[in-house]
Amino acid sequence: MTTQTQKIYTQESKLTYTPGSNISLPLLYTTENGEQNLSGLILNVHYDSSALTPFGSNHGVSDQISAAIKTVALVDDSSNLDNDSKTDKILRLAWGTFDSSFPGIALPATAATLTFTTSNTSQDPITGKAPSIAINYTSSVTAS
């Protein structure tokens, strides 16, 4: 039996930004087999709060795919779910349905857009190079 997967990704693997500016990150969603009728998804977006601050309402999350249950929460990454000690915060996005109708639209699709304000730091204090900021994704529940 083949394991089917849901995938969240960004179009670009690296973004360039100006320190102290806002950046928007469209999160794209697809499934391995194009399935459009699943129970939902819980996505953890891990980030370093000394480098990124969610900007705007709803913790910087906009354009979230519609679902019967749709939430956004900002939580501490106290369990280090992504195995990256530099990330300390999680934006937890959840979509759920009662009738396995998620996402119910053609794939790939934009699952949500995240907007962050970047820190004013223009160089790493140790290396003197431009800072590199990682955003990681994990999932705590799989769809049935």
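Some housekeeping: you're looking at a predicted model, where local features need pLDDT of at least 70, side-chain atom pairs count only at pLDDT 80 or more, and totals for chains, interfaces and linings use all residues. Residues are numbered from 1 along each chain as its sequence is written, and side-chain values use heavy atoms, leaving out hydrogens and water.

**Whole chain, cartoon view.** How many helices and strands does the chain have? There are zero helices and 11 strands (DSSP runs numbered from the N terminus: H or I of at least four residues for helices, E of at least two for strands). Zoom out and the C-alpha atoms fill a box of roughly 50 × 30 × 25 Å along the principal axes. The radius of gyration, taken over C-alpha atoms, is set against a globule rule of 2.2 Å times the number of residues to the power 0.38. For 144 residues a compact globule would come out near 15 Å, and the chain's 16 Å agrees with that.

**Select 89-96.** This is strand E8, and six of its eight residues are buried, so the rest of the structure largely encloses it. (Buried means under 20% relative accessible area, exposed over 50%, partly exposed in between, with a 1.4 Å probe and protein chains only.) Across the chain, 33% of the 144 residues count as buried.

Which way do the partners run? E4 (residues 40-47) is antiparallel to E8, joined to it by eight bridges; strands pair if DSSP finds at least two bridges between them. Look for Leu43 standing opposite Leu93 of E8. Seven of the eight residues of E4 are buried, so that strand too is largely enclosed by the rest of the structure. E7 (residues 69-76) also runs antiparallel to E8, again with eight bridges, and there Asp76 stands opposite Lys89.

**Finish on His59.** You'll find His59 in the loop between strands E5 (52-54) and E6 (61-62). Beyond its neighbours within four places in sequence, His59 is in contact (heavy atoms within 4.5 Å) with Pro54, Val72, Ala73, Leu74 and Leu91. Now draw a distance to Thr113: the two C-alpha atoms are separated by 11 Å, though 54 residues apart along the chain.
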